[in-house]
Amino acid sequence: MNRNCNTPAMNSGELVKLGLKGITARVLECKKCPLHENATNKVIIRGSERPKVLFIGEAPGKNEDESGIPFCGRAGKVLDELIDYMALEENEYAIINTVKCRPPNNRKPTHSELKTCRPFLLAQIELLDPEVIILLGNTAEQAFCVSPLKWGEAVNMQEGKYLVKLYHPAALLYRRSLMEQQKEMIDLNKKLWQKI
Ligand code: SF4
């Protein structure tokens, strides 16, 4: 995928060859960064293996760490509300995170942790091959792009492939006023997934 957001060089070719199940096995055994030390569960993916839309969040939180399921807590309910608003069916989307282990006290992943986990992220994206990638917040953007994107403004990565940055659902939990802005950004971009 040719990404015009200056994505860093991939180091995920070997992982892509393993397929999604192989990546899961590698993540489960991974101890490449300190985040594994406190992880109860690795949090790898929720949703379709052939999604139209791929959501990329920041990192697992407490509920996700306990269950191993991405976005299953309060922020997950907000994301589910947005998915309903987007009129996506269950087999039309998938959800992953920039890192697969919970950072202590829900802090943001460090630059080094993002970099270490990035091959898993990039290999998942390559294999899931979505038409639209939605980066949920600045950390997802930082993990995937070098140059910043504008909120809600779609970038055409290549023919029929788009990238959009929206607010992280956790931000909407504390500032419900942002929800209207989020829905406006979704309305502006809905043709990207509704045309497919
Ligand atoms: S966050 Fe990623 S790189 Fe770090 S230990 Fe977990 S799976 Fe490995």
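Helix 3 is followed by Ala87, whose phi is positive, near 60°. The model is a predicted one, in which local features need pLDDT of at least 70 and side-chain atom pairs count only at pLDDT 80 or more, while totals for chains, interfaces and linings use all residues. Residue numbers start from 1 along each chain as its sequence is written. Helices (H or I, at least four residues) and strands (E, at least two) are DSSP runs, numbered from the N terminus.

**Helix 3**

- The 12 residues of helix 3 (residues 74-85) reach 17 Å from the first C-alpha to the last, close to the expected 16 Å; the expected span is 1.5 Å times one less than the number of residues.
- Ala75, Gly76, Val78, Leu79 and Leu82 are the buried residues of helix 3; a residue is buried if 20 or more other C-beta atoms lie within 10 Å of its own, exposed if 12 or fewer, and partly exposed in between, with C-beta atoms placed from the backbone.
- Viewed down the axis of helix 3, these buried residues fall within an arc of 155°, so they line one face of the helix; the arc is that of the directions from the helix axis to the C-beta atoms.
- An α-helix has 3.6 residues a turn, so residues three or four places apart point the same way.
- Strand 2 (53-57), helix 6 (169-174) and helix 7 (177-189) are the elements against which the buried residues of helix 3 pack.

- Six strands form an open sheet in the order 1-3-2-4-6-5, with mixed pairing; two strands pair if DSSP finds at least two bridges between them.
- Strand 1 (46-47) and strand 5 stand at the edges with a single partner strand each, so one side of each is left without a neighbour in the sheet.
- Strand 4 (residues 132-136) has five of its five residues buried, so it is largely enclosed by the rest of the structure.
- From strand 4, Val132, Ile134 and Leu136 point one way, and Ile133 and Leu135 point the other way.
- Strand 2 pairs with strand 4 in the parallel sense over four bridges, and Leu54 has Ile133 as its bridge partner in strand 4.
- Strand 4 also pairs with strand 6 in the parallel sense, over five bridges, where the bridge partner of Ile133 is Leu163.
- Strand 5 (residues 155-158) and strand 6 (residues 161-166) run antiparallel and are joined by three bridges; Asn156 has Tyr162 as its bridge partner in strand 6.
- Two residues lie between strand 5 and strand 6 in their hairpin, and Gly160 in the turn has a positive phi of about 75°.

**The ligand shell**

- The ligand is surrounded by 15 residues, of which the closest are Cys30, Cys33, His36, Cys101 and Cys117; a residue is near a molecule if its C-beta atom, placed from the backbone, lies within 6 Å of it.
- Helix 4 (residues 111-128) gives the most to this shell, with four residues.
- The shell divides into eight nonpolar, two polar and five charged residues; Ala, Val, Leu, Ile, Met, Phe, Trp, Tyr, Cys and Pro count as nonpolar, Asp, Glu, Lys and Arg as charged, and the others, Gly among them, as polar.

**Met185**

- Met185 is found in helix 7 and is partly exposed, with 19 other C-beta atoms within 10 Å.
- Leaving aside neighbours within four places in sequence, Met185 is in contact with Trp151, Gly152 and Leu166; contact requires C-beta atoms, placed from the backbone, to lie within 7 Å.

Note on methods: Two residues are in contact if their C-beta atoms, placed from the backbone, lie within 7 Å.
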